[in-house]
Amino acid sequence: MFKTGLRTRIFILFIIVSIGGLIVLNNVFQSKHQNIHDALEEMELSSQLRELRHFSHEDSLKAQALMRNFNEAKAVVSIALSDSRTMSSVVLFIIIVVSTSIFIIVLSRLSRPLRELKNATEQIRQGNLSVHLPETGIPEMRELKSSFNMMSRELETVQSRLLVAEKEMIWKDLSRILAHEIKNPLTPIQLAIQRLEERMQSDPERVKDILAESISIISQEIENLRLLAQDFSNYAKVNQPNPESIDPALSIQEIVKSYVRDFEIKLTLEEGLRINFDKTHFYQVVTNILQNAIDASEPSVAIEISLYRERSYAILSIKDHGKGIDTKDLQRIFEPYFSRKTKGTGLGLALVKKLCEANSTIIRVKSKPGEGSEFILIIEAQNQ
Amino acid sequence: MFEVLGTKILAGVVSLSMLLFSSFKGNDPLISSISTAKTGSYLYLKANLENAFENDFPSIFASGSKIPVHYDLVVHQGSRTVASHRITNTVKFDPTTGIYELKQGNKSPVFTESPEEVKRTLAAFEYSLAYQSAWNKINVKLEAHLPKVHFQQLNKELDLMVLWKYKKPSVKTLIDIRKVF
């Protein structure tokens, strides 16, 4: 349906109230003039006066003067009435043209800054806080634009301060996590080396007894450090996805192969489904969620993975019956470096979320403390 | 040039305004095409003013003041003006006798009681133009207008053009004198 803007509504109101009023006034005026004119046409004196007998020359002259006066007056009034009606319509026409032009100019001068403000507000909404309006126009508009510019400048300052604060906070968090995560493997390494040193000083002959174990500890902790570096590296460099048509059931079966020897995993996979997903990203997403499910569950309790089609989507659910997630933590589990586990960087689920977004996939979590968690991926399925 | 342009704009504005906002009819005068005839070394020109003297005019004619109607005749050969004449028809009413005195150009006055005769006579334009044999083709422009009239009894001067909505009727025609018989 046709929607009228503010300017159109104001203009229609102006036409109805102002110009409509003038037209009505003019019509009344014209009608009254017409009545006077008609009455004037009816007035006739000369013919009756001519029929009268004038007894003296003086009477005749008086009658002549009277007739001339009357006829001239009638002609003058008639012309004056016509002139007045013509002029009133011309004046009305000029008033309409001039007032409408002035009204349109004023309205445009008023609405243009409002449009500029609207566009500027839109830009701010989109994140461009550096937008500034030229402080021109009528004083009230200049004041409004000046206030707007001041507001945008303040927003810009606040945003840059927030960015700095956020960066600082991220660095602090990162430093804390890195220090903690690096310290964890360093302590066993240091202890293993200390044990070796002490044995070498106290009983060099029996160093061999603890050498293999110490090397194993050191090697294991170095491997942990490598994995830690790998996690950070993976999160930092999520590449642009390279989507390809994959069979999710097949991919899940391949991923699960390395886990089934040690853990109970129950698969319910609908075959024949195909999705558009970066294969490497899909592997990382499923592995991370599955690893979390394994970490949260007892080894004997099965983890359920199901895949099915719902409308035009492929739904992948990974469900564990572990300890579950606290309600207050549920909103934060995808934040980087957030973790309630004793080991890990807190980057796993953040990476999952990032990869899902990169592949236009929605991820949802249902969890109840003590009952377990379910991660659901909603992926657009290809037409079969 | 600006005067002509101004008059045309004024006439346009008045006509449009009256069409939109006035119940006043006024008159919409126009001149019919000029007819020609040759008599010796004179070119006889004749035209008629139509729709010119209806509304309001009967009471103006009956005022007793002398009411003139001017016809301006301008003859061009190429871009050169070769002749320019003003011919005036007049009417004057005598309220005591009820008789109109009519004068058409330089002709002798005629008298009538008929308002219709008055309209016909004032609307008729006739003129014998002395032409030169070298003219051949000429452009003739005829324009009619009403002057301001002074009403003596009331000592008032009024512009009668308001009754024509400030529109000066005119006609232009190209005449090949060699083809006029």
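**Ground rules.** Residues count from 1 along each chain as its sequence is written, and chains are lettered from A, with ligands numbered from 1, in the order in which they are written. As the model is predicted, local features need pLDDT of at least 70 and side-chain atom pairs count only at pLDDT 80 or more, while totals for chains, interfaces and linings use all residues.

**Entry 1: chain B in outline.** I looked up the secondary structure of chain B and got 3 helices and 12 strands. Helices (H or I, at least four residues) and strands (E, at least two) are DSSP runs, numbered from the N terminus. Of its 181 residues, 31% count as buried. Buried means 20 or more other C-beta atoms within 10 Å of a residue's own, exposed means 12 or fewer, and partly exposed is in between, with C-beta atoms placed from the backbone. I also checked contacts in chain B between residues at least 6 apart in sequence: 63% join residues at least 24 apart. (A contact needs C-beta atoms, placed from the backbone, within 7 Å.)

**Entry 2: the sheet.** Next I traced an open sheet of 6 strands in chain B, in the order β7-β6-β5-β4-β9-β12, with antiparallel pairing. Two strands pair if DSSP finds at least two bridges between them. β7 (110–112) and β12 (170–176) are the edge strands, each pairing on one side only. From one strand to the next the twist averages 20°. I zoomed in on β5 (residues 80–94) and β6 (residues 99–104) of chain B, which pair over 6 bridges. There, B:Asn89 has B:Gln104 in β6(B) as its bridge partner.

**Entry 3: where A meets B.** I found 28 residues from chain A and 29 residues from chain B in the contact. On the chain A side, α1 (6–42), α2 (46–51) and α3 (57–125) each give two or more residues. The largest share, 20 residues, comes from α3(A). I sorted that side by class and got 9 nonpolar, 13 polar and 6 charged. (Ala, Val, Leu, Ile, Met, Phe, Trp, Tyr, Cys and Pro count as nonpolar, Asp, Glu, Lys and Arg as charged, and the others, Gly among them, as polar.)

**Entry 4: two crossing helices.** The axes of α3(A) and helix α1 (residues 2–21) of chain B come within 8 Å and cross at roughly 95°. So α3(A) is roughly perpendicular to α1(B). The axes are lines fitted to C-alpha atoms, for helices over the stretch in contact, and angles run from 0 to 180 degrees between N-to-C directions. Under 35 degrees is roughly parallel, over 145 roughly antiparallel, 65 to 115 roughly perpendicular, and the rest oblique. Among the residues making the contact are A:Phe93 of α3(A) and B:Leu16 of α1(B). By class, this helix contact has 9 nonpolar, 3 polar and no charged residues.

Entry 5: A:Arg311 is not a glycine, yet its phi is positive, about 55°. It is exposed, with 6 other C-beta atoms within 10 Å. B:Asp56, also not a glycine, has a positive phi of about 75°. Is B:Asp56 buried or exposed? It is buried, with 23 other C-beta atoms within 10 Å.

**Entry 6: the core.** The largest nonpolar core has 46 residues, and B:Phe61 and B:Val91 have the most contacts inside it. Such a core is a set of buried Ala, Val, Leu, Ile, Met, Phe, Trp, Tyr and Cys residues joined through C-beta atoms within 7 Å. α3(A) gives the most to this core, with 6 residues.

Conventions. Contact = placed C-beta atoms within 7 Å.
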